[in-house]
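Please walk me through this structure.

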Amino acid sequence: MEAMDNGRLRLWYDKPASKWDEALPLGNGRLGGMVFGMPFQEKIQLNEDTLWYGGPKNADSPAALERLDEIRRLLMDGRQREAEHLARMAMLSAPKYLQPYVPLGELLLWFLEPDPGAAADYKRDLDLATAVSSVRFRSRAGWHRREYFASAAAQVMVVQLTDESAEGMTFSANLMRRPYDGGSAAIGSDTILMRGECGGDGISFCCAVKAVAEGGRVETVGDCLSVEKAPVVTLYIAAESTFNSADPEAVCLARLADAAEKGYARVREEHIAEYRERFGTVTLRLEEAQANSGLQSELVSLPTDQRLALTASGGADNGLDELFFQYGRYLLISCSRPGSQAANLQGIWNDSFTPPWESKYTINVNTQMNYWPAETCGLADCHEPLFRLIERMLPAGRKTAATVYGCQGFVAHHNTNLWGETMVEGIRVTCSIWPMGGAWLCLHLWEHYRFGLDRGFLADRAYPIMREAALFLLEYMVGDGQGRLITGPSVSPENSFLLADGGKGTLCMGPSMDLQIVRTLFGACLEAEKALGLPDGLSARLEAALERIPLPRIGERGQIMEWLEDYGEAEPGHRHISQLFGLYPGELMDKRRTPELVEAARRTIDGRLAAGGGHTGWSRAWIINFQARMGDGEEAYRHFRKLLGTSTYPNLLDCHPPFQIDGNFGGTAAVAEMLLQSHSGLLELLPALPQAWGNGEVTGLRARGAYTVDMAWRKGRLTQALIRAAQPGQCRIVSSQPLQVWTQAGRAVPSSYDKDVLCFAVEGEGTYCLLPVPPEAHIHGGGGQ
């Protein structure tokens, strides 16, 4: 892969990063770094994924339960201000806020150059094929080269510096962290160590750096590493905390010793091999039109920030589209993998002790969006840290359900943290009193099962948690006096509606998103119980509840109603479009089954955009997924280009603004959704392919039903597809053109059409080739007819 990408899998720049938004991210899941690539005063900003300030709190409000029925009565009686006033006092937790995710520190390298001058012929890059970043430049003394990577195999970050001058390089290296710095110290002659803590009752940690030189001299001076006249130096960096280990220092020193003993070449080789096992599962090639075939090579020769600027001015760049898609996969591998924590609002990369929104897990869309590409884009095991977070939330979620609502089961609100806290967090009613976070997270467990059909995972991990979330909702929901079963008090996340007297309201009964999540979870539980053969499950109660839960409704303006009443919107261009959960990632709105709801969803999106919506990176990414589900490839592409052109920093990280990583992951998921969809029991090939991507190929996309799909297409028409089935069953495929089905051995597979749906039986571990029916055949059938 490294030799074949021809630069298409590289971010590169012709100058150092002048600010954090230009630095390049590295990560092994746990340990993250932002590489600035500065020639003579290098900085690598460091993160470790368990460094959260403070510790778990017992913050559920004991006043909530005794006031819950009164708040519901006030809302149903239309006494909005009184209901919100009482809810703010009775339901919000104390303390109000979760504590932030904080940095590990910085590794600073100070180079002694007798006459440094300017760095000439400068280049820094990040190779997505190898997860290795490099810097090279020329000073008056000669060429300087550096490589950086974060190895999951060795659990260290590595920096190798090469100096081709006659004198070699002389520099110092030190670790810094302010505030809460516990101090740095030398350990022997070649290692420095920094200790610290995250608040008085919080997590303690250690970070250590070991230098190995080929020639020259290494010693410690104070709390610095001193390297003198060395042609080649390798720095190994390790970090650990008391969240994972009773002795972080010992763990760090052992990792450094192991890596140094292996040596740079072997550590690099093992890193690349381990990384490629994940990254290499999916490839994408979007070719330029023949008339522009030379354009792409010209664009690849430009620095990435210049290509991004051309995109912002309206230029097309299929290679940059590919790069952004694969960058999202790279980022997920780098910040979420088995053994790490889940990706937070900034993945693992954060340089602030007071980060935006505390860089926590916001679970009213943002954390979920982080994992939208996990299954479709061949990174199913990157989902694992989210599942572990959900499991860690269970004890707190049970307590919150009982304390705040008097219910059994498991509940979580709109934010959580390292410790899986579930209370009504925050001070703003617009977002805090939303008890659907746990239910939505449970659907990720269900989706993981749908993509892999692992009954053991469903029985042992997914269904038990789904059942607890459903049990809470069965006890929490109430009748509205009109025969309907609804949630409340709740909100449509972060949005407000207009009251008849001109005021605004946020707290309500039965917001549309709540009811869509409930219907989806209850339906998933019913399917799970059937798959597992559970005769004594919740089926009877779930089915009875589903009869009373309102379906999505269309309002007077032809839009999907956001609330139970057809209120006007206080902010028509709001970034959240929560009422379209049922379009994506849900399946209640489907262009084949419910075209009237899809048309209303289109009107909803148009209204949001006309009022300035889609202005944040993640909101734009959600819109692309909506457009893909509606089958509108041109609109999806238009918004994808806007995501790159207006909501992306020079290092291709998402610009909310400020940086928030969900837009990267939502954008990557959207590209996959434009090429392949598998909801509603059907595989749809190229469902939202734009003209600009008329020629291309993709391998390794995953589909529900335990399928993996490769496709090639020309002039917007499928030329071949390979379907690999991990489980036996019936494969049902929607395509805009008639297809024949063959085995890899060239044997025709019996198949039939039900209208425009191709149906054929698959065997577990079987591979099936789909080819367009030749025009001269004049049939509408499969290869077995």
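A polar contact is a pair of N or O atoms within 3.5 Å; within protein, one must be able to donate a hydrogen and the other to accept it, and residues adjacent in sequence count only if both atoms are side-chain atoms. The model is predicted, so local features need pLDDT of at least 70 and side-chain atom pairs count only at pLDDT 80 or more, while totals for chains, interfaces and linings use all residues. Residues are numbered from 1 along each chain as its sequence is written, and side-chain values use heavy atoms, with hydrogens and water left out.

Start at Asn-495. Its side chain makes a polar contact with the side chain of Glu-562, at 3.1 Å. Asn-495 sits in the loop between strand S21 (485–486) and strand S22 (497–498). Strands (E, at least two residues) and helices (H or I, at least four) are DSSP runs, numbered from the N terminus. Asn-495 counts as buried because its relative accessibility is 1%. Buried means under 20% relative accessible area, exposed over 50%, and partly exposed in between (1.4 Å probe, protein chains only). Leaving aside neighbours within four places in sequence, the contacts of Asn-495 include Thr-430, Trp-563, His-574 and Arg-608. Contact here means heavy atoms within 4.5 Å.

Now the strands. S22 belongs to an open sheet of 3 strands, ordered S23-S22-S24 with antiparallel pairing. Strand S23 (504–505) and strand S24 (568–569) are the edge strands, and each pairs on one side only. Two strands pair if DSSP finds at least two bridges between them. S22 and S23 have 2 bridges. Leu-498 stands opposite Lys-504 in S23.

Go on to strand S31 (residues 739–743). Of its 5 residues, 4 are buried, so S31 is largely enclosed by the rest of the structure. S31 pairs with strand S34 (residues 766–772) in the antiparallel sense, over 5 bridges. Leu-739 has Pro-772 in S34 as its bridge partner.

Last come the rings. Rings of Phe, Tyr and Trp (its six-membered ring) pair if their centres lie within 6.5 Å; planes under 30 degrees apart count as stacked, over 60 as edge-to-face and the rest as tilted. The count by this rule is 27 aromatic pairs. One of them, Trp-52 with Tyr-101, is tilted, at 5.6 Å centre to centre and 50° between the planes. This pair links distant parts of the chain, 49 residues apart. Trp-52 is buried, with a relative accessible area of 0%. Tyr-101 is buried as well, at 0%. Elsewhere, Trp-372, Tyr-584, Trp-618, Trp-622 and Phe-626 form one aromatic cluster.
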